[in-house]
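Subject: Structure for you to look at

Hello,

Here is the structure I promised to pass on. Please open it first, then read my notes below.

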Amino acid sequence: MLTRRLLLSSIASIACTTAIAAPLKPAQTGLRGTIDISGYGVGPGKTGDQSKAINRLFREAAEKGLPVFLPAGDYHLSGISLPDNLWLSGVPGRTRLIHAGGGRFISGETLTKLTLSDLVLDGGGRALGDDVQGLFNLRGIADLTIDNCTITGASKHCIHAERCGGRITGNSVSQAAFSGIYAVESERLAITTNTVFDCGNGGILVHRWEAGEDGTMVSGNRVFKIAAKDGGTGENGNGINIFRAGNVMVMDNHISDCAFSAIRANAATNVQISNNQCLRSGETAIYSEFGFQGAIVSGNLVDGAANGILIVNFDEGGRLATVSGNIIRNLHLDGPYVHDGAGFGFGIAAEADTVISGNVIENAPKWGLMLGWGPYMRSIVATGNLVRGAGSGCAVTVVEGAGTALIANNLFQDVKDGAILGYRWNEKSTRDLLAGGSEAFAHLTLTGNRLA
């Protein structure tokens, strides 16, 4: 009589016999549906350079429309040219592609689609040739996906992506001599949820050769320990840097310990910088500068910087912004170079066609707010801000030729030299205008402000 116990025992016995009779194929044949890499002489841990075999493997897999899976282990290679429609993956953290030397490591150019995931790319600091800009060197990839990879040890940029669209997401990028991710002339690229750290000159760079539409989204990234080994006064040392790229969004990033700015937007029209955490910046935490038109800077937290948020360079065409709902605190007077202008130690500065509202500024040793610079001020509105613990609450330009400013309903507390003071560049030239005297300056309107 067939009992339940006997039935289960018989099924287990059949399963064991089947497993013994039909053992699994070796790991190097890959996963079901992927190309069999063993037929190409490619395998993990093999001694010597596998570049020639791997180039052939990638090319034929792409031609056949088959994904390539590389099992865990080390693959020493160089001069790899990625073909169109390649889908390459590995074991996260354990499939290691190691630069074997030579001027190129891994490159791809003029491709419709390229997908790479779960790989480690290790440059080991080896030199790259003059004709490549990055360890992972990509140009003209219409639909690029780099997902959950580790890219490290670049003697230039870790990822150089020129004229690329698609997404770079969830990667760990570190130890680049230049920047972690350098995206230039992008076409609606998404750079999201990456960790970029310990880089020589920059974290995430979104640049264009000439000012124009870009549309890159930079969101959810963690960027830290960014140096400025090549020096300068702001071209290096920034966590996220937008240059000449229009319609870019920089949102929900956590950026700390950068030699210069957490976020620096230079000539970046229609930039949106929102809800970022910016800690311990060596210079200005958030910059929108030079020839831009249109910037939204909102909901950011700045803790520790030489300056907080600057919307400046009206002399170069920088104008039109809103700065709202930010918290800026714990600023300091020293910066990474000798400043020949306003210096360091102030919370928010703006020059033209800008509304500054609903911000909280605490512990700004020079000024809480700085409105205009010399004659460079036009149509500034500063309303509903709280400034406490500052050298002066608000410094506003009273130089001849300066445009209008409305300073209304702000609260100033524990401001050493006064609430609202007129300045001629760096020289204080009025008493506290909150106590009277503002009528002498026709370009200023003060109303509803209070010194607590």
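Start with the largest cavity. Its lining is made of W367, M370, L371, G372, W373, G374, A395, V396, T397, Y423 and W425. About 40 Å³ of space lies inside this cavity. The structure holds one cavity of 30 Å³ or more. Two strands, β33 (360–371) and β35 (386–397), each give at least two residues to the lining. Sorted by class, the cavity lining has eight nonpolar residues, three polar ones and no charged ones.

Keep in mind that this is a predicted model.

Next, the largest pocket. Its volume is about 730 Å³. The lining counts 36 residues, and T233, R264, Y287, E289 and F290 lie nearest the centre. By class, the pocket lining splits into 15 nonpolar, 13 polar and eight charged residues. Several strands each supply at least two lining residues, among them β16 (202–213), β19 (238–246) and β31 (346–350).

Now the chain as a whole. The protein chain has two helices and 41 strands. Its C-alpha trace spans about 100 × 65 × 30 Å along the principal axes. Of its 452 residues, 54% count as buried. Take the contacts between residues at least 6 apart in sequence: 61% of them join residues at least 24 apart. The chain exposes about 18500 Å², and carbon and sulfur atoms supply 52% of that.

Last, the aromatic rings. How many aromatic pairs does a search of the whole structure find? The search finds five. Here are two of them.

F260 sits in the loop between β21 (254–258) and β22, and Y337 in the loop between β30 (327–331) and β31, so the pair ties together parts that are 77 residues apart in sequence. Is F260 buried or exposed? F260 counts as buried because its relative accessibility is 4%, under the 20% cut-off. Y337, at 21%, counts as partly exposed. F260 and Y337 also form one aromatic cluster with F344.

Then find F346 and W367. This pair is tilted, with 5.7 Å from centre to centre and 35° between the planes. F346 is in strand β31 and W367 in strand β33, 21 residues apart. F346 is buried at 2% relative accessibility. W367 is buried too, with a relative accessible area of 2%.

Best wishes

Terms used
Residues numbered from 1 in each chain as written. Predicted model: local features only at pLDDT ≥ 70, side-chain atom pairs only at ≥ 80, totals over all residues. Heavy atoms only, no water. 1 Å grid on protein atoms, 1.4 Å probe; cavity = no way out; pocket = protein on both sides within 12 Å on 5 of 7 lines; lining within 4 Å. Points joined across faces, edges and corners; volume = space filled by probe spheres on them. Helix = DSSP H or I, 4+ residues; strand = E, 2+ residues; numbered from the N terminus. Nonpolar A, V, L, I, M, F, W, Y, C, P; charged D, E, K, R; others polar. Buried < 20%, exposed > 50% of the residue type's maximum accessible area, 1.4 Å probe, protein only. Contact = heavy atoms within 4.5 Å. Areas by Shrake-Rupley, 256 points an atom, 1.4 Å probe, with all protein chains shown as cover. Phe/Tyr/Trp six-rings, centres within 6.5 Å; stacked < 30°, edge-to-face > 60°.
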